[in-house]
Amino acid sequence: MTRALEEAREAIGHGDVPVGAIVVRDGIVIAARHNERELTGDPTAHAELLAMRDAAGVVGSWRLDRCTVVVTLEPCPMCAGAMVNARVQQLVYGAVDPKAGAVTSLYEITTDARLNHRLEVVGGVLADESAELLRAFFGERRRGSLRYGPP
């Protein structure tokens, strides 16, 4: 999670919400990304999706079995659904997202027995650090000292 937090801090430099994600396979980090929606203008450029795309390139398959996704914030429905579809083995996340979380907060997509795949889920890892990073970011943005979009 420490590595994912480092990625999250990188997003601040281009005005993106500080969320970072890594993908680990067989104990090795094979992908590490942060949010890039503001930077790229791409609404799907969430840290988890970008990291999973990179990981698929490393693995050589869309199937990310034996992979763990570590992300600083509870995934949204899009990202949680992508993890199910990619057959990710495990999800580890930091802070809960009561407004958009799709793992435990609003929905339980990653463990829904009606879907074709379920993930092992560990939540709350370095949750305070992850939440504080987000609080500080949005506080700065409310004060007007942080702008949207790339520099």
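The legends below describe several close-up views of a predicted model. Residues carry numbers that start from 1 along each chain as its sequence is written, and side-chain values rest on heavy atoms, with hydrogens and water left out. Because the model is predicted, local features need pLDDT of at least 70 and side-chain atom pairs count only at pLDDT 80 or more, whereas totals for chains, interfaces and linings use all residues.

**View 1. A salt-bridge network joins R3, E6 and E7.** A salt bridge is a side-chain nitrogen of Lys or Arg within 4 Å of a carboxyl oxygen of Asp or Glu, and the structure holds 9 of them. The side chains of R3 and E6 form one, at 4.0 Å from N to O. Both residues belong to helix α1 (residues 2-12), where they stand 3 residues apart, about one turn of the helix. Helices (H or I, at least four residues) and strands (E, at least two) are DSSP runs, numbered from the N terminus. R3 also forms a salt bridge with E7, the closest N and O atoms being 3.1 Å apart. R3 and E7 are 4 residues apart in helix α1, so about one helical turn separates them. In relative accessible area, buried means under 20%, exposed over 50%, and partly exposed in between (1.4 Å probe, protein chains only). E7 is buried at 9%, while E6 is partly exposed at 40% and R3 is partly exposed at 35%.

**View 2. Within helix α5 (residues 127-143), R135 and E132 are separated by about one helical turn.** R135 and E132 form a salt bridge in which the closest N and O atoms are 3.3 Å apart. The two residues are 3 residues apart in the helix. R135 counts as exposed, with 51% relative accessibility, and E132 is partly exposed, with a relative accessible area of 42%.

**View 3. Helices α1 and α5 meet in a contact that includes nonpolar, polar and charged residues.** The axes of the two helices come within 11 Å and cross at roughly 5°. This makes α1 roughly parallel to α5, a term for angles under 35 degrees. Axes are lines fitted to C-alpha atoms, for helices over the stretch in contact, and angles run from 0 to 180 degrees between N-to-C directions. L5, A8, R9 and I12 of α1 meet E129, S130, L133 and F137 of α5, where contact means heavy atoms within 4.5 Å. The residues of this contact divide into 5 nonpolar, 1 polar and 2 charged. Ala, Val, Leu, Ile, Met, Phe, Trp, Tyr, Cys and Pro count as nonpolar, Asp, Glu, Lys and Arg as charged, and the others, Gly among them, as polar.

**View 4. The buried residues of α1 are A4, L5, E7, A8 and A11.** They cover an arc of only 160° around the axis, which puts them on the same side of α1. The arc is that of the directions from the helix axis to the C-beta atoms. What covers these buried residues includes β1 (20-25), β2 (28-34), β3 and α5.

**View 5. Helix α4 (residues 77-85) has C79, A80, G81, M83 and V84 as its buried residues.** Their cover includes α3 (47-59), β3 (67-73) and β4 (90-95). R87, which follows α4, has a positive phi near 65°.

How values were computed
Parallel < 35°, antiparallel > 145°, perpendicular 65-115°, else oblique.
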